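Subject: Structure handover

Hi,

Here is the structure for your files. My notes on it follow below.

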Amino acid sequence: LGVTSQTVSVAAIQNAPGNAGQPTAGSVVLTSLYVLKDMSGQQVASGKRTATASFDRPLQQFATLRAQRDAENRAARELADMLKLAIAADLSK
């Protein structure tokens with residue numbers, strides 16, 4: 001099981017003086033690759049799942065960091081649910 005995270009700026013529309021072009025929204029993208037092996041080490045199944053969560057980027061730095069962390073947590077919960085379902089489906093075969 002491996003997980004990668006990427007944060008992407010999605011929009012840049014700030015109109016406040018001194019903030020022109022600053023991103024106002026972002027997305028956190030979590031991607032997981034998994035491989036299931038039997039007791040002998042033979043690969044039984046594998047897959048890839050991706051979860052995305054969006055967040056606002058207010059002008060306050062702490063608020064932006066908190067929003068990003070909350071988005072990461074939401075994406076992680078969603079990814080975990082997707083992996084549970086995918087692995088359960090692979091094991092049922």
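Gln-68 is buried, because its relative accessible area is 17% and buried means under 20% (exposed is over 50%, partly exposed in between; 1.4 Å probe, protein chains only). Gln-68 sits in helix 1. Helices (H or I, at least four residues) and strands (E, at least two) are DSSP runs, numbered from the N terminus. Gln-68 touches Thr-7, Val-28 and Phe-55, leaving out residues up to four places away in sequence. Contact here means heavy atoms within 4.5 Å.

A word on the source. This is a predicted model, where local features need pLDDT of at least 70, side-chain atom pairs count only at pLDDT 80 or more, and totals for chains, interfaces and linings use all residues. Residues are numbered from 1 along each chain as its sequence is written, and side-chain values use heavy atoms, with hydrogens and water left out.

Overall layout. The protein chain has 1 helix and 3 strands. Their order from the N terminus is β-β-β-α. Of the 93 residues, 28% are buried. The accessible surface is about 6400 Å², and carbon and sulfur atoms hold 54% of that (Shrake-Rupley method, 1.4 Å probe; for residues, only the protein chains shown count as cover). Take the contacts between residues at least 6 apart in sequence: 49% join residues at least 24 apart.

Helix 1 covers residues 61-92, 32 residues in total. It reaches 47 Å from first C-alpha to last, close to the expected 46 Å (1.5 Å times one less than its number of residues). Its buried residues include Thr-64, Ala-67, Leu-83 and Asp-90.

Now the core. A nonpolar core is a set of buried Ala, Val, Leu, Ile, Met, Phe, Trp, Tyr and Cys residues joined through side-chain atoms within 4.5 Å. The largest one has 14 residues, and Val-28, Leu-30, Tyr-34, Phe-55, Ala-71, Ala-75 and Leu-79 touch the most other members. Strand 2 (23-37), strand 3 (43-56) and helix 1 each give two or more residues to this core. Helix 1 gives the most, with 6.

Phe-55 touches Gln-68 and also, among others, Thr-7, Ala-25, Val-28, Thr-64 and Ala-71, again leaving out residues up to four places away.

What does Ala-86 touch, beyond residues up to four places away in sequence? Tyr-34 and Arg-49. Ala-86 is in helix 1 and is buried, because its relative accessible area is 7%. Its C-alpha is 9.2 Å from that of Lys-48, 38 residues apart along the chain.

Best regards
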